[in-house]
Amino acid sequence: MSKLIASAAIRGAQRITKEAEEMLDKALAEKGGSFSFEFPDTAYYLPMIYAMTGFPVKTLSDMKVALGMTKEMLHPEPDENLWKPYLGEALDSGMATLFSEEIIMALRYINGLEPAVDPETGYVYNGFITDTIQRNLGIQLVDGTMPGFAAVIGAAPDDDTAVKIIRELQEKNILTFLSGHTNGNSVTKQLLRKGVELGWDTRIVPLGYDTAHTLYALDWAIRASLIFGGKKPGDFKEHLKYQKDRVFALAIVLGELDDIIWSTGAGAINMGFPAICDTDVPVIHPTGVCIYEEVEKEFDHNKIVQKAIEVRGLKITVEKPPIPVAYGPAFEGERIRKEDMFIEFGGNRTPSFEWVRMREMDEIEDNKVIIVGNNWQERYEKGGQMPLGIVIDVSGRKMQKDFEPVMERKVHANINEAQGIWHMGQRDINWIRINLNAKKEGFTLEHLGVINFTMTHHRFKAIVDKVQVTIYTDKEDVLKIQEEARKSYRERDQRLAGLIDEAVDTFYSCLLCQSFAPSHVCVISPERLGLCGAFNWLDCKVAFEIDPTGGNQPIQKGELLDARYGRFTGIDEYLKKASGGAVETLNLYTIMENPMTSCGCFECIVAIIPEANGIMIVQRGHTGMTPVGMKFSTLAGSVGGGTQNPGFMGIGRNFIISNKFLAGDGGIKRIVWMTKNLKESLKEAFDQRAAEEGIPDLLDKIADETICEDSEKLLEFLTSVGHPALEMEPIL
Ligand code: SF4
Ligand code: ZN
């Protein structure tokens, strides 16, 4: 490491540690050592300190202990005996800085200063990133739609350059965190001035105005190895290796560097995240070991994003249809307000539908858009509502009728990913808006077709040979074809209802999450979807057709070993191989014995409540207490990482209404507590299932958070309503 930089980093670390100590002493004097603290919605205490040392900071006294470790790291001759468990070559001034910054952020929360509010603009920053958000985004990080994330620190030379850099990151679908400032200016302010929509929906997340706020991005990174990687708290070598190998993060530093940026940067570099600067930083290249070879320079702002991607080795696979507006998942979350709207279709205002239809090869022409009826150019200048029917005809040698709904479900993303175009719903209840800006950029009705043929080819290559799109705009046509579409929707639904586990010989695996949780395998059957909710059996079948060596592999069921619990020879054999020997056997229909493993991106957690002889279900995002005495975040911390945990299991939301849901344990009659959100969103299908089980009012007998959040009251309630679980055979 060059002396010059090393001394800047050490100076920064010392300064920030001193600041942390002063703040902490003040808080201790005011509130006392037993004052407890936790960041919002996390099971990992102060995540960086917890991951690196295994020490859970729960109180101000604990912070004092952690700060002691920090100071020890900075000590020229650390006391080996005292601090051995915490010390290692990787924990130097950079890591010391991150520990101190984490303590500072915790104290800022205690003092009511976080999430930070920008003193000039009043903008409220994101602050600490919750476990919920981490899990929400997990799936996108593993399936490659989100290739990585970038921390952008400081300010661009001017507002337009800031917008340019951020748009480029958005188009590449890189999640972007903003922090720090340069002479009072910051990328956040620059984007605000330019009217750019900020937040999780657009994947531009301002964390705070100080360099120290960058810590929140690193806190989110480090939780990946805790949540998905199953790495043990304290095993810092494993954590750092996981970060370097599997977490695709990088930093772009805009403007002059000060000591704090150097020392925070040293911490990020310890985690394996390179930094790209736009100033002439004094990088003296190594003669020996030099961690700062991870620092690169790029003065050209047109090239800085590309350079960053190359340095971190991100794999970017973006397909952009030939349309005059930007395109990518980062634009999916945009809203279009009425004032900004040029035209809308559907949404109960006009008849509208979208329909994917399988055709013979010679019936259609590839990459063709046909518009039947008046185009809007002939009708509207601004504002308006039009009927719209979108028929996407698909043919291909490997195309099957069963793939129609899988492709149709992607129409939402296809359309929504265009900047300035908004889509909601599906089938004949869809709703599309186009904003004025997209119209001004030259977006036409025809482009709706172009988007759909390009993306259908892209997403389903190897299945699709030809795609033709017909767009109907005259009310009579739309109504007429809509009837045909409805008939097809009904037929599909009937076919799908008959698709049960017993009816097929082949299940599928999903191995996508292995990039984060190496021993996790989702086994997906017609009646059990993946635990993230994003893959059902048909999706896997399609994915395997598209990429026979990809993450979804067929599993021959083999012989049935246990009908009640759902154990098959073929699955066991497959699992041993695919989990690298970590999982020997699996029961599909029980939570009690060798249940499915969980990676970390489950939509819901099921847990047994022995005293109630039943189980409870809580969904990701629910922050309240549950009757097992743990919140979702805490429960999730003990379920993930690719292990089997009898009595606990991560599942996809729709599994609850499957006939096979815990079928070996008694099925839905075991549910004694479930959040109101789940009860309401699943009501229709659940009531139907309950009727089939002979208890049509089961949902009313199930408690939720408005009835109780502890097991004592739960039992009272269950007794008062006569819940069937109380009469069932003991679950344990
Ligand atoms: Fe991960 Fe399972 Fe979802 Fe596949 S189906 S992405 S393995 S959670
Ligand atoms: Zn997962």
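**Notes on a predicted model**

1. Start with Ala 462. This residue is partly exposed, with a relative accessible area of 43%. Ala 462 sits in the loop between helix 16 and strand 14 (466–472). The backbone deserves a look here: Ala 462 has a positive phi of about 80°, yet is not a glycine. Keep in mind throughout that this is a predicted model.

2. Asn 594 is another residue to check for its backbone. Its phi is positive, about 40°, and Asn 594 is not a glycine. The residue belongs to the loop between helix 19 and strand 20. Asn 594 counts as partly exposed, at a relative accessible area of 27%.

3. Look also at the peptide bond between Glu 114 and Pro 115. The bond is cis, with omega about -10°. Pro 115 lies in the loop between helix 5 (93–110) and helix 6 (131–142).

4. Now the zinc ion, ligand 2. Which protein atoms are its donors? They are the SG atoms of Cys 513, Cys 599 and Cys 601, at 1.9 to 2.2 Å from the ion. Along the chain, these donors follow the spacing C-x85-C-x1-C. Cys 513 and Cys 599 link distant parts of the chain, being 86 residues apart. Cys 513 comes from the loop between strand 15 (506–510) and strand 16 (522–524). Cys 599 comes from the loop between helix 19 (569–578) and strand 20 (604–609). Are these two cysteines buried or exposed? Both Cys 513 and Cys 599 are buried.

5. Ligand 1 comes next. It sits in the second largest cavity. Cysteines around ligand 1 include Cys 510, Cys 513, Cys 522, Cys 532, Cys 599 and Cys 601. The residues around ligand 1 also include Ile 139, Leu 512, Ile 524, Leu 531 and Phe 535, along with Gly 530. By class, this shell has 11 nonpolar residues, 1 polar residue and no charged residues. Cys 513, Cys 599 and Cys 601 are among the residues around ligand 1, and they are also the protein donors of the zinc ion.

6. Strand 7 (residues 341–346) pairs with strand 10 in the parallel sense, over 2 bridges. Glu 344 stands opposite Gln 385 in strand 10.

7. Strand 12 and strand 13 (residues 431–435) run antiparallel and are joined by 4 bridges. Trp 422 stands opposite Arg 433 in strand 13.

8. Arg 108 lies in helix 5. Arg 108 counts as buried, at 12% relative accessibility. The C-alpha atoms of Arg 108 and Met 23 are separated by 8.9 Å, with the residues 85 apart along the chain.

9. Lys 631 and Ala 43 are 588 residues apart in sequence, and 8.8 Å apart in space, C-alpha to C-alpha. The loop between strand 21 (614–619) and helix 20 (632–639) holds Lys 631. This lysine, Lys 631, is partly exposed, with a relative accessible area of 30%.

10. His 458 belongs to helix 16 (residues 445–459). At 25% relative accessibility, His 458 is partly exposed.

11. Finish with Met 407, in helix 13 (residues 404–408). Is Met 407 buried or exposed? Met 407 counts as buried, at 3% relative accessibility. Met 407 and Lys 466 are 13 Å apart in space, C-alpha to C-alpha, and 59 residues apart in sequence.

Notes. Residues numbered from 1 in each chain as written. Chains lettered and ligands numbered in written order. Predicted model: local features only at pLDDT ≥ 70, side-chain atom pairs only at ≥ 80, totals over all residues. Heavy atoms only, no water. Near = heavy atom within 4 Å. 1 Å grid on protein atoms, 1.4 Å probe; cavity = no way out; pocket = protein on both sides within 12 Å on 5 of 7 lines; lining within 4 Å. Sits in = over half its atoms within 2 Å of the grid points. Nonpolar A, V, L, I, M, F, W, Y, C, P; charged D, E, K, R; others polar. Donors = N, O, S within 2.8 Å, 3.2 Å for Na, K, Ca; no water. Buried < 20%, exposed > 50% of the residue type's maximum accessible area, 1.4 Å probe, protein only. Pairing = 2+ DSSP bridges.
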